[in-house]
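The following note comments on the packing and strand arrangement of the model shown here. Its points may be read alongside the coordinates.

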Amino acid sequence: MSAFSFETGEKRQLTSRSRFFSPAPSNNGKRIAAVQIASDGKFNVVVLDAQTGSVSKTFLNPENINFSQPRWTDDDSSLVLLTLTDEGNGISLLHVNTGALTSVIGATDVPLSRPFAKGNYIYYTGGYTGIDNIYGIHTETKEIYKVTSVRFGAYYPAVSADGKK
């Protein structure tokens, strides 16, 4: 894993010969979350120090859920993760301080991707109708809202810092 500074143009190697993928920098820039695939095929989530690349936390995964596309919540307290099991794919929150994993969207055969947390919502791409659109789910009520309705698909949801766009 490498880091690039847009200010200085410097590229730094943080890790080598690691089995990390899908890195996600925290909002404050101090940590990087990534999915680790161990040599035995087990999926874990790790948190690395963004300056040194050293692993500060490893969240073991005894059920061997296939995690992908981690994103930090606004306050950097949790990670939103896509999950894939034999039952289907879903979206979960991993609480970084406690290690608790909470299902937000349980196993489904609907294609889900690119989760983005903002406030009490997680926005994501979902293929509920056969056309990918952006949806939001309230993390407490689990109510799902359709955000876009386009003919050819909508991807990569993001919300402005003030939450208005």
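**Notes on the predicted model**

1. Setting aside residues up to four places away in sequence, Ala154 touches Thr125, Asp132, Asn133, Ile134 and Thr148. The model is a predicted one. Ala154 belongs to the segment that follows β14 (144-146). Although Ala154 and Thr125 are 29 residues apart in sequence, their C-alpha atoms are 7.1 Å apart in space.

2. Is Ala154 buried or exposed? Its relative accessible area is 12%. Because buried means under 20% relative accessible area, Ala154 is classed as buried.

3. Asp86 provides a contrasting case. This residue sits in the loop between β8 and β9 (88-95). The relative accessible area of Asp86 is 83%, and the residue therefore counts as exposed, the threshold being over 50%. Asp86 and Tyr121 are 35 residues apart along the chain, and 26 Å separates their C-alpha atoms.

4. In soluble globular proteins, nonpolar side chains tend to be buried together.

5. What surrounds Val45, once its neighbours within four places in sequence are left aside? Val45 is in contact with Ala34, Lys57, Thr58, Phe59, Phe67, Leu79, Leu81 and Leu94.

6. As to strand arrangement, an open sheet is formed by 4 strands, ordered β3-β4-β5-β6, with antiparallel pairing. At its edges are β3 (20-25) and β6 (55-59), each of which pairs on one side only. Neighbouring strands of the sheet are turned against each other by 20° on average, with direction ignored.

7. Within this sheet, how many bridges join β4 to β5? There are 7, and the two strands run antiparallel. Ile37 stands opposite Phe43, a residue of β5.

Terms used: Residues numbered from 1 in each chain as written. Predicted model: local features only at pLDDT ≥ 70, side-chain atom pairs only at ≥ 80, totals over all residues. Heavy atoms only, no water. Contact = heavy atoms within 4.5 Å. Pairing = 2+ DSSP bridges. Axes fitted to C-alpha atoms, helices over the stretch in contact; angles between N-to-C directions. Buried < 20%, exposed > 50% of the residue type's maximum accessible area, 1.4 Å probe, protein only.
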